[in-house]
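Please look at the sequence and the structure below before reading on.

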Amino acid sequence: MPDQPMMHAMQMDAPGVPLHRVERPLPAPGPGEIRLTVRACGVCRTDLHEYDGDIHGLLPIIPGHEVVGLVDALGEGITDLAVGQRVGVPWLGHACGTCRYCRSGRENLCDAPLFTGFTRDGGYASHMIADARFCFALPDGFDDVHAAPLLCAGLIGYRSYRLAGDAPVLGLYGFGAAAHILAQVAIWQGRKVFAFTREGDQAAQDFAREIGCAWAGPSSAAPPEPLDAAIIFAAVGELVPIALRAVRKGGRVVCAGIHMSDIPAFAYADLWEERQILSVANLTRADGIEFLALAAQAGIRTHAEALPLDQANVALDRLRRGAVEGAMVLIPQAS
Ligand SMILES: [Zn+2]
Ligand SMILES: [Zn+2]
């Protein structure tokens, strides 16, 4: 009997338990699905929230929702993709198409979604299965490693950026994978960007200035001028009242993450004068198509560091400590 073809992955069994390597028979794509050979998969803050038990998906799970892969097998009914084609798989892995949100162009709020690497297996793997309708074509100008961070940091960051509105002066709190991409978009569009980092994080402040931010400093500092809008990428609730006090009248504070520590009480005066607080949930496919085209047009350069897939635990630990410039990307090795 010939050897059965196998795949390998880094699997999460329970919160707080380090990921471990698993091997499985190579799955076959079902109707409407494709199988990918994973080329690169970004490590996102959300993966860390899963690991820390801040959010609860399916367990055990193969994490990873910034997946760049090559189509390896086509399920029944797939006519618009070909074997060998490069695609990206984002966080929104499936939406029902029939709920009130899907029917009104808000599939990001779908009542019955599947999320890649959270409620369906993701890209910390040599291979994965994806719903073909939720995969994106990727711009040619990005190699696999540099394309991966576009798929969540870029894409959900872009949804947050859009919700921030027409803000000529924009503050970004937390200067990691998402902020370093969105800062480039904003600067390319002629906006002034101020970067706020953890206290004493000189490296992140230097990085922000290198990218073209007009000012960089600690989150506790007042910006050189009031902000028209702020986006909070850090998972720190204390930043919400701080950002509210930094935006001018009518300004918006957008919370971009899936999880945040509790927001402390604050004076109504901080919200007064039509300041707004918004959260951003997930993405729509329209966001993805729009953002990926813009990323190519704006000549975005992602800063990404590649690590072998079996270093997934190291990557999560470094993300927790903030010891990353830009994004980290896992690369599966031949087994
Ligand atoms: Zn739906
Ligand atoms: Zn993510």
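What percentage of the 335 residues of the protein chain count as buried? The figure is 49%, where a residue is buried if 20 or more other C-beta atoms lie within 10 Å of its own, exposed if 12 or fewer, and partly exposed in between, with C-beta atoms placed from the backbone.

## Basis of the model

This is a predicted model, in which local features need pLDDT of at least 70 and side-chain atom pairs count only at pLDDT 80 or more, while totals for chains, interfaces and linings use all residues. Residues are numbered from 1 along each chain as its sequence is written, and chains are lettered from A and ligands numbered from 1 in the order in which they are written.

## Overall shape

The protein chain has ten helices and 17 strands. Helices (H or I, at least four residues) and strands (E, at least two) are DSSP runs, numbered from the N terminus.

Along its principal axes, the C-alpha trace spans about 70 × 40 × 35 Å. The radius of gyration of the protein chain is 20 Å, which agrees with the value near 20 Å for a compact globule of 335 residues. That radius is taken over C-alpha atoms, and the globule rule is 2.2 Å times the number of residues to the power 0.38.

## Two domains

The domain assignment, which is automatic or from a database, gives domain 1 (6-151 + 303-331) and domain 2 (155-279). Their C-alpha centres lie 27 Å apart. The contact takes 16 residues from domain 1 and 14 residues from domain 2; two residues are in contact if their C-beta atoms, placed from the backbone, lie within 7 Å. On the side of domain 1 that touches domain 2, helix 1 (residues 45-52) gives the most, with three residues.

## Strand 10

Strand 10 (residues 169-173) is mostly covered, with five of its five residues buried. Val 169, Gly 171 and Tyr 173 point one way from the strand, and Leu 170 and Leu 172 point the other way. In a regular strand the side chains alternate between the two faces of the sheet.

Strand 10 runs parallel to strand 11 (residues 192-197), and five bridges join them. Two strands pair if DSSP finds at least two bridges between them. In this pairing, Gly 171 stands opposite Phe 194. The chain passes from strand 10 through helix 5 (residues 177-188) to strand 11 in a right-handed β-α-β crossover, meaning that with the strands pointing away from the viewer, the path from the first strand over the helix to the second runs clockwise. Strand 10 also pairs in the parallel sense with strand 13 (residues 227-232), over four bridges. There, Gly 171 stands opposite Ala 230.
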